[in-house]
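Subject: Structure handover

Hi,

Here is the structure for you to look through. My notes on what was found in it follow below.

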Amino acid sequence: MTTVLYPGSFDPFHLGHLDVVEQAVALFGGVVVAVMHNPEKPSGLFSTGQRVDMAVEVLAHLPSVAVRPFPGLAVDAARDAGAECIVKGLRSASDFDVEQQMAHTNRAVSGVRTVYLPCAPSTGFISSRFIREVSQNGGDASSLVPPAVARVLAATFPPRRTS
Ligand code: PNS
């Protein structure tokens, strides 16, 4: 079994993330989901512990998947996890531009390679940023996240009354 690292901020974990993990399991066997800090998103919504707990619950049906928090660099997390490579999901050309720069940098500084997985067409529009925005303003983002995450969102941000 090959183990790969799937790093992200997962704030919160959504259906697109789940699709990438399931694809990576089918292709490689083992996946370590690394819950990390994105320096471009300093004001996260959920704590690292909450993000880990949600991902653990969502991925409980996949025995070859582990979820771990990692501070620092994704390439160090990949080494610590014994991962063969990093995997990333791609939704769009703009994702590709950002991911390509990170992949080249990660390979240049460490030798760790990145493999891209195209997202399922049904999840290509989903982003944690808009899930946060909808939820924080009393909207219902439950169609974009697994049930375990929907429960946490509903408890954290009670839905706006419609009557
Ligand atoms: O889900 P995100 O926010 O798009 O994930 C981005 C993340 C966390 C994978 C990226 O910011 C990252 O790799 N952070 C760890 C720090 C790191 O390795 N920086 C060097 C990037 S070339």
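H17 sits in helix 1, residues 15-28. Helices here are DSSP runs of H or I with at least four residues, strands are runs of E with at least two, and both are numbered from the N terminus. This is a predicted model, so local features need pLDDT of at least 70 and side-chain atom pairs count only at pLDDT 80 or more, while totals for chains, interfaces and linings use all residues. Residues are numbered from 1 along each chain as its sequence is written, and side-chain values use heavy atoms, with hydrogens and water left out.

Is H17 buried or exposed? H17 is buried, at a relative accessible area of 11%. Buried means under 20% relative accessible area, exposed means over 50%, and partly exposed is in between (1.4 Å probe, protein chains only). Leaving aside residues up to four places away in sequence, H17 touches Y6, F10, P12 and S128. A contact means heavy atoms within 4.5 Å.

F10 lies in the loop between strand 1 and helix 1. F10 is buried, with a relative accessible area of 2%. The phi of F10 is positive, about 50°, although F10 is not a glycine. P12 is also placed in the loop between strand 1 and helix 1. A cis peptide bond joins D11 and P12, with omega at about 5°. For background, most residues other than glycine have a negative phi, and most peptide bonds are trans.

Now the overall layout. The chain has 6 helices and 5 strands. Along the sequence, the pattern reads β-α-β-α-β-α-β-α-β-α-α.

An open sheet of 5 strands runs in the order 3-2-1-4-5, with parallel pairing. Strands pair if DSSP finds at least two bridges between them. Which strands stand at the edges? They are strand 3 (65-69) and strand 5 (114-118). Each has a single partner strand, so one side of each is left without a neighbour in the sheet. On average, neighbouring strands of this sheet are turned by 30° against each other, direction ignored. Strand 1 (residues 2-8) pairs with strand 4 (residues 85-90) in the parallel sense, over 2 bridges. L5 has I86 in strand 4 as its bridge partner.

Helices lie across these strands. Helix 2 (residues 48-58) lies across strand 2 (29-35) and strand 3, and runs at about 175° to strand 3. Helix 4 (residues 93-110) lies across strand 4 and strand 5, and runs at about 170° to strand 4. Axes are lines fitted to C-alpha atoms, for helices over the stretch in contact, and angles run from 0 to 180 degrees between N-to-C directions.

Helix 6 (residues 147-156) has the buried residues A148, V149, A150 and L153. What do the buried residues of helix 6 pack against? They pack against helix 2 and helix 5 (128-136).

The loop between helix 5 and helix 6 holds N137. N137 counts as exposed, at 54% relative accessibility. N137 and T123 are 14 residues apart in sequence, and 22 Å apart in space, C-alpha to C-alpha.

On to the cysteines. How many disulfides does a search of the whole structure find? The search finds 0 disulfides, a disulfide being a pair of cysteine sulfur atoms within 2.5 Å. For C85, the nearest cysteine sulfur is that of C119, 18 Å away. C85 is buried, with a relative accessible area of 7%. C119 is in no disulfide either. C119 counts as buried too, at 16% relative accessibility.

Last, the totals. Of the 163 residues of the chain, 47% count as buried. A compact globule with 163 residues would have a radius of gyration near 15 Å, and the chain has 16 Å, which agrees. That radius is taken over C-alpha atoms, and the globule rule is 2.2 Å times the number of residues to the power 0.38. The C-alpha atoms fill a box of roughly 55 × 30 × 30 Å along the principal axes. Among contacts between residues at least 6 apart in sequence, 74% join residues at least 24 apart.

Best wishes
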